[in-house]
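Here are my notes on this one, point by point. Have a look at the model first, then read along.

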Amino acid sequence: TTQSTSTKRKRDASNETPLSPQDEAAIKRQKNTDAARRSRLKKVLKMETLEKRVSDLEKINSNLILRVAVLDSEKTGLKSKESSYEERIKMLECQLAQAHKAL
């Protein structure tokens with residue numbers, strides 16, 4: 001279809017009257033203006049997409065920071081319990097050893 005399209009364009013172009021250099025320049029400027037407009041629109045859409053992604057990632061990051069803080073707090077509480085349980089175990093082992101000696 002590419003070859004038939006280019007052939008069709010050549011036939012269409014041959015049927016048209018030749019354009020003046022000013023008209024050709026005007027058409028070229030218009031095509032360039034349209035291409036620049038499309039490019040700017042594409043850039044704006046890309047920026048909006050990136051800004052949305054940044055916003056989403058910042059929310060995720062905030063949630064993860066909060067989760068880390070909660071887990072750190074839980075960890076501290078568990079370490080404290082572990083420490084008190086270890087002290088209790090040592091104390092009970094000492095009492096058991098004394099009881100065995102008493103027997």
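1. Let's start with Arg-37: its relative accessible area is 46%, so this residue is partly exposed (that label sits between buried, under 20% relative accessible area, and exposed, over 50%, with a 1.4 Å probe and protein chains only). Keep in mind that this is a predicted model, where local features need pLDDT of at least 70, side-chain atom pairs count only at pLDDT 80 or more, and totals for chains, interfaces and linings use all residues. Residues are numbered from 1 along each chain as its sequence is written, and side-chain values use heavy atoms, leaving out hydrogens and water.

2. What does Arg-37 meet in a salt bridge? The partner is Asp-34, at 3.4 Å from N to O (a salt bridge needs a side-chain nitrogen of Lys or Arg within 4 Å of a carboxyl oxygen of Asp or Glu). Asp-34 is partly exposed too, at 25% relative accessibility.

3. The whole structure has two salt bridges. Asp-56 and Lys-52 form one of them, with their closest N and O atoms 3.0 Å apart. These residues are four apart in helix 2, which means about one helical turn lies between them. Asp-56 is partly exposed, at 27% relative accessible area.

4. Zooming out, the protein has two helices and zero strands (DSSP runs numbered from the N terminus: H or I of at least four residues for helices, E of at least two for strands). Of its 103 residues, 0% are buried.
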